[in-house]
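Hi,

Here is the structure I promised to pass on. Have a look at it first, and then read my notes below.

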Amino acid sequence: MSARKRVGVLISGRGSNLQALIDACAKADFPAEIVTVISNRPDAYGLERARSAGIPAAVVDHKSYRSREDFDAALHALLEEADVELICNAGFMRLLTEGFTQAWRDCQLNIHPSLLPAFRGLHPHERALEAGVRITGATVHFVRHEMDAGPIILQAAVPVLAGDTAETLAARVLEAEHLIYPRALALVASGRVWVDGEIVRFASDKLALPVFLSAEQDNASASKDLSEEASKISDLLRGKAIKHVSRHRVGEIVIEFDDGTRLFVNVDSSDLDFSITGGEIDN
Ligand code: GAR
């Protein structure tokens, strides 16, 4: 395997996305390793997560700097010192200067809990509920100077359910975040995506597939094999026997049942995982 890309993760708080990246990097064939975690808040819980994983963690407290430029310069110096090649913003809630974002152009990723370009900035879930959208989600993108903007790498769609509050919606979107951030990092670190005129291009179509999180989906279903997932769907359909499973087109398979009904299913088939993520019955 070629050398793993050296990643610096920037955080401001809880660090659950950091944890998802730490867990992914623990796999032997993952193309990236986290070499430093930096928080702009001394009390960020993510610092504990880094330390428990044996990753050097540092605080660059924005309150100790007179200007954004000074803060960014300190951050930049630490990242350079750690020989970082890629940066992942994981709940990092500071606006970065144009100089910093230019210095790390196409080498810095961010995750945001909405389907960008909708609901940039703070309180995206409250705003999604206020707007009455039926689907929201999460986006991993390359960082540009504007807040929560830049070429989109991966997105996951999450349905808004009746009775959702900002908290319940945020919790389901967070599951989606933990699914797509490691994938996006793997794609970038292995050179299978690149930016072309502010659009992200993929080495193959299947890598670009969006992820659809169904209302009931749990993370455990992510890496089961196709037949196991298909039989689960069969159970959901009160034990209909499956006659045939075939590929319909990129990102979709069709399951034919003994009674002649067919189920078209969206599949996430990036080469990291293969799982059934949704579908509809065609009688
Ligand atoms: C995540 O939901 C992340 O998408 C969001 O902050 C949360 C951090 O949680 N980031 C943004 O809103 C960036 N604009 P975490 O610390 O548990 O990863």
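**Starting from an exposed aspartate**

Asp83 is exposed, with a relative accessible area of 51%, which puts it past the cut-off of over 50%. Keep in mind that this is a predicted model. Asp83 sits in the loop that runs between helix 3 (68-81) and strand 4. Its backbone is worth a look too: phi is positive, about 60°, although Asp83 is not a glycine.

Phe119 has a positive phi as well, near 55°, and again the residue is something other than glycine. Is Phe119 buried or exposed? With a relative accessible area of 18%, Phe119 is buried, since the limit for that class is under 20%. You'll find Phe119 in the loop between strand 5 and helix 5. Pro117 lies in that loop between strand 5 and helix 5 (124-131) too, and the peptide bond leading from Leu116 into Pro117 is cis, with omega near 15°.

**The chain as a whole**

Stepping back for a moment, the chain has seven helices and 14 strands. It runs to 283 residues, and 47% of them count as buried. If you take contacts between residues at least 6 apart in sequence, 58% of these join residues at least 24 apart.

Which residues of helix 1 are the buried ones? They are Ser16, Asn17, Leu18, Ala20, Leu21, Ile22, Ala24 and Cys25.

Helix 6 packs against helix 1, with axes that come within 9 Å and cross at roughly 45°. The two helices are therefore oblique to each other, and helix 1 passes helix 6 in a right-handed crossing. From helix 1, the contact uses Ser16, Asn17, Ala20, Leu21 and Ala24. Helix 6 brings Leu174, Glu177, His178, Tyr181, Pro182 and Leu185 to it. Sorted by class, that contact has seven nonpolar, three polar and one charged residues.

Helix 5 is another partner of helix 6. How do helix 5 and helix 6 pack, and at what angle? Their axes are 9 Å apart, and the angle is about 115°. That makes helix 5 roughly perpendicular to helix 6, and the crossing is right-handed. On the helix 5 side you have His125, Glu126 and Leu129, which meet Ala166, Leu169, Ala170 and Val173 of helix 6. By class, this contact has five nonpolar, one polar and one charged residues.

**A buried asparagine**

Asn110 is in strand 5. At 8% relative accessibility, Asn110 counts as buried. What does the side chain of Asn110 make a polar contact with? The partner is the side chain of Asp148, at 3.2 Å. Leaving out residues up to four places away in sequence, Asn110 touches Asn89, Thr139, Val140, His141, Val143, Asp148 and Tyr181.

**Two more spots to check**

Pro42 is in the loop between strand 2 and helix 2, and at 52% relative accessibility it counts as exposed. Apart from residues up to four places away in sequence, Pro42 touches Leu47, Val59 and Asp61. Pro42 and His62 are 20 residues apart in sequence, with 9.8 Å between them in space, C-alpha to C-alpha.

Glu80 belongs to helix 3 and is partly exposed, with a relative accessible area of 47%. Its C-alpha atom is separated by 9.7 Å from that of Gly8, although Glu80 and Gly8 are 72 residues apart along the chain.

That's the lot from me. Over to you!

How values were computed: Residues numbered from 1 in each chain as written. Predicted model: local features only at pLDDT ≥ 70, side-chain atom pairs only at ≥ 80, totals over all residues. Heavy atoms only, no water. Buried < 20%, exposed > 50% of the residue type's maximum accessible area, 1.4 Å probe, protein only. Helix = DSSP H or I, 4+ residues; strand = E, 2+ residues; numbered from the N terminus. Axes fitted to C-alpha atoms, helices over the stretch in contact; angles between N-to-C directions. Parallel < 35°, antiparallel > 145°, perpendicular 65-115°, else oblique. Left-handed = near helix turned anticlockwise from the far one by under 90°. Contact = heavy atoms within 4.5 Å. Nonpolar A, V, L, I, M, F, W, Y, C, P; charged D, E, K, R; others polar. Polar contact = N/O pair within 3.5 Å; in protein donor to acceptor, adjacent residues only side chain to side chain.
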